[in-house]
Every structure is written in C-alpha cells, then in structure tokens.
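Let's take a walk through a protein model together. Keep the sequence and the 3D view side by side as you read.

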Amino acid sequence: LQSEIMELVEENRNLKIQLQNKDTIVFNDSAYWKKLENEELDGPFCPRCWDYEAKLVRLIKHKGRHPKCPHCKNFVELKMNT
C-alpha cells in the first residue's frame with residue numbers, strides 16, 4: 001500500500017509540473033525548449049525525460065555531433081546550433 005501511495009504521489013507531482021509548464025514548454029527540432037519572458041528559448045531539454053518523467057533535463061554537448069542527456073543517456077539529433 002505504501003509503494004502504491006508513493007507512486008501516486010510521484011505521478012501527481014509530475015502532472016502538476018506538466019500543467020504548470022504546458023504554456024512555456026515547446027517541442028521543436030527533436031527536443032523541448034522553454035519559452036522565457038523575453039520570448040527567447042532556453043534549452044534544449046531531453047524529450048525522453050520530459051515525456052516519461054516530467055523532468056526538464058538539459059542536453060549537453062557530447063564528443064560526437066549530437067547532444068546527450070546526462071540522466072537517461074539519450075542522444076538527440078538537432079538541426080539548430082546549440
């Protein structure tokens with residue numbers, strides 16, 4: 001019962017985060033970006049982490065061409081310069 005409660009608490013937290021960010025998080029060029037007040041975009045953020053865990057994890061430049069998520073190790077092919 002305790003583990004089920006913990007799962008529900010985590011799901012509730014993720015849904016609240018998604019609701020708060022629904023107007024500021026946009027998907028573009030294979031990644032998520034956060035709209036800032038001055039209309040600039042902050043990011044890129046990992047699409048896998050946002051879609052599955054509602055976590056905004058910033059992609060980092062990797063030795064190769066594509067940015068990599070430090071959390072889930074996902075590579076994202078971006079067309080834009082980051």
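Start at Pro44, which sits in strand S3 (residues 41–45); helices (H or I, at least four residues) and strands (E, at least two) are DSSP runs, numbered from the N terminus. A cis peptide bond, with omega about 10°, links Gly43 to Pro44. Before going on, note that this is a predicted model, where local features need pLDDT of at least 70 and side-chain atom pairs count only at pLDDT 80 or more, while totals for chains, interfaces and linings use all residues. Residues are numbered from 1 along each chain as its sequence is written, and side-chain values use heavy atoms, with hydrogens and water left out.

Now find the loop between strand S1 (25–28) and strand S2 (31–35), where Asp29 is placed. Asp29 is not a glycine, yet its phi is positive, near 55°. Ser30 lies in the loop between S1 and S2 too, and its phi is positive as well, about 70°. Is each of them buried or exposed? Asp29 counts as buried because its relative accessible area is 12%, whereas Ser30, at 35%, is partly exposed (buried means under 20% relative accessible area, exposed over 50%, partly exposed in between, with a 1.4 Å probe and protein chains only).

Next, look inside. The largest nonpolar core has nine residues, among them Trp33, Cys46, Val57 and Cys69; such a core is a set of buried Ala, Val, Leu, Ile, Met, Phe, Trp, Tyr and Cys residues joined through side-chain atoms within 4.5 Å. A second, separate core of five residues includes Ile25, Phe45, Trp50 and Ala54.

Lys68 is in the segment after helix H2 (47–53). Lys68 is buried but has no salt bridge, and Glu53, the nearest side chain of opposite charge, is 15 Å away. Here a salt bridge is a side-chain nitrogen of Lys or Arg within 4 Å of a carboxyl oxygen of Asp or Glu; Lys and Arg count as positive and Asp and Glu as negative, with His and the chain ends not counted.

Lys63 is also placed in the segment after H2, but Lys63 counts as exposed because its relative accessibility is 84%. From Lys63 to Phe45, the C-alpha to C-alpha distance is 18 Å, and the two are 18 residues apart in sequence.
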